[in-house]
Amino acid sequence: MQSINPYTNQVEKTFEPATAQEIEETLQRAQNAFQAWRTTSFLQRSTLMQRAGDELAGNTDYYAKIISLEMGKPLAQARGEVNKCAMVCHYYAQHAEAFLQDEEIRTSAVRSFISFEPLGAILAVMPWNFPFWQVFRFAAPALMAGNVGLLKHASNVPQCALAIQEVFDKVGFPEGCFQSLLIGSKEVEHLIKDERVKAVTLTGSEGAGAKVASLAGNEIKKTVLELGGSDAFVVLADADVEAVAKKAANARLINTGQSCIAAKRFILEKPIAEEFLAAFAKNMQKKRTGDPLNDEDIDYGPLARVDLAQELTDQVERSVAAGAKLYLEGGQPDPDKALFHPAILTDIKPGNPAYEEEFFGPVALVFVAEDAEDAIRIANDSPFGLGGSVWTSDIKRGQELARKVEAGAVFVNAIVASDPALPFGGVKKSGYGRELSYLGIREFVNQKTIWVSDPQE
């Protein structure tokens with residue numbers, strides 16, 4: 001397993017995948033750890049999770065450089081990712097006990113209540129695009145609930161996987177509470193079928209989600225899936241065109257466009273479409289690129305791998321061949337490099353690849369709507385439903401339209417983002433289940449009914 005710098009395309013480190021014996025030992029350590037960890041108090045768990053957050057916040061540069069090295073994220077953005085991980089650790093350290101306290105239910109019993117109890121070892125199959133955040137938003141609530149974690153990270157970020165385990169080990173979590181397994185995708189089936197693994201969470205592609213859900217379903221194990229997104233960015237005619245166009249460029253280029261909740265489909269009401277498109281393209285062209293590790297003043301880096309840039313190039317070429325037009329050319333200047341400059345596609349009709357597929361990189365897809373209702377129709381005419389945004393000077397109308405967008409989260413006059421206090425997840429082909437908030441920590445617990453009657457009755 002290789003750690004490759006996507007900016008230089010140089011192999012930085014090579015790792016041997018875990019052997020069958022090492023996998024077995026990891027599973028047994030997880031099982032042993034759970035038997036003790038499940039009985040610990042919230043105070044004990046909270047103390048350790050607070051320390052994990054402190055470790056991340058106190059060593060931001062160290063962890064950020066690993067992220068930038070392995071997947072090409074600009075260093076400033078990588079620091080932001082590490083600090084967000086610290087925040088989610090602190091959030092659940094503070095709130096987990098309240099989220100999981102017994103919930104009293106009035107019935108004819110002397111006492112009846114719901115108890116929230118841990119399940120065991122939870123397998124997390126995680127992607128490379130936010131290699132720390134997507135792990136910690138699973139790990140913090142799962143461990144605070146009394147579960148233990150097993151991480152199968154993306155194969156191109158092995159140093160990130162090991163660094164995350166290092167955080168938990170360093171601050172004193174018991175051995176086996178959180179373990180990273182350097183394994184390929186083929187080993188996931190073995191883990192899901194192992195009786196010591198009680199549930200699975202996956203963030204990744206639609207195809208990977210379908211496979212994991214099928215395997216887990218055969219084993220009668222719960223899954224939470226956060227899959228692709230093709231988020232709509234709806235701009236109404238009464239919006240401030242110049243201001244929103246700047247936000248649009250930022251929304252499209254989050255993480256060099258490699259984000260499930262990055263805005264991808266820009267749906268413009270007809271009266272402002274031409275003006276907005278010109279301003280949008282101007283702002284996209286202003287964005288700077290460079291060496292993610294050494295140039296602090298850049299907006300985007302390379303894509304995480306050369307093959308990902310090649311796939312995006314293929315998507316653009318197929319879309320143009322099917323009738324779409326390149327308003328801003330951008331693209332991949334060197335087919336052997338991962339760099340991809342921002343591009344804008346217009347004139348996209350149903351059946352075009354750009355209408356149906358998720359574009360995981362800095363390519364904006366622009367649609368023109370006759371009116372607000374038509375904009376919502378276009379927004380919902382997608383197999384995905386992760387996030388979306390509505391931009392308007394009329395806040396009340398914005399909220400009304402937000403309710404009509406088929407997505408797990410809709411932001412009015414703001415770029416879609418995740419927050420530990422709010423549930424995160426999608427509908428349709430974007431997956432099911434929720435991470436974060438009190439809903440996220442309750443995904444992987446036994447919501448047990450306990451009924452108490454008077455022995456004299």
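Which helices each supply at least two residues of the lining of the largest cavity? The legends below take up this question and then turn to other views of the predicted model.

**View 1. The largest cavity and its lining.** Helix 5 (133–144) and helix 15 (437–441) each supply at least two residues of this lining, and helix 5 provides the largest share, four residues. Helices (H or I, at least four residues) and strands (E, at least two) are DSSP runs, numbered from the N terminus. The structure holds three cavities of 30 Å³ or more, and the largest cavity contains about 110 Å³ of space. Of the 14 residues lining the largest cavity, those closest to its centre are Arg137, Phe138, Pro141, Gly440 and Phe444. On a 1 Å grid over the protein atoms alone, a cavity is a set of points where a 1.4 Å probe fits but cannot get out, whereas a pocket is an open set with protein on both sides within 12 Å along at least five of seven lines; lining residues have an atom within 4 Å of a point. Grid points are joined across faces, edges and corners, and a volume is the space filled by probe spheres set on the points.

**View 2. The largest pocket.** About 1000 Å³ of space lies in the largest pocket, and of the 33 residues that line it, Pro127, Trp128, Gly204, Ser205 and Ala208 are the closest to its centre. Helix 7 (188–193), strand 8 (197–203), helix 8 (206–218) and helix 11 (306–321) each supply at least two lining residues, with helix 8 giving the most, six residues.

**View 3. Helix 9 and its packing.** The buried residues (under 20% relative accessible area, 1.4 Å probe, protein chains only) of helix 9 are Val241, Val244, Ala245, Ala248, Ala249, Ala251 and Arg252. Seen down the axis of helix 9, these residues fall within an arc of 160°, so they line one face of the helix; the arc is that of the directions from the helix axis to the C-beta atoms. They pack against strand 10 (231–235), strand 11 (263–269), helix 10 (270–286), strand 14 (363–369) and strand 16 (387–391), where contact means heavy atoms within 4.5 Å.

**View 4. The buried face of helix 1.** In helix 1 (residues 20–37), Ile23, Thr26, Leu27, Ala30, Ala33, Phe34 and Trp37 are buried. Seen down the axis of helix 1, they fall within an arc of 130°, so they line one face of the helix.

**Notes to all views.** Residues are numbered from 1 along each chain as its sequence is written. In this predicted model, local features need pLDDT of at least 70 and side-chain atom pairs count only at pLDDT 80 or more, while totals for chains, interfaces and linings use all residues; side-chain values use heavy atoms, with hydrogens and water left out.

Notes:
Buried < 20%, exposed > 50% of the residue type's maximum accessible area, 1.4 Å probe, protein only. Expected span 1.5 Å × (residues − 1).
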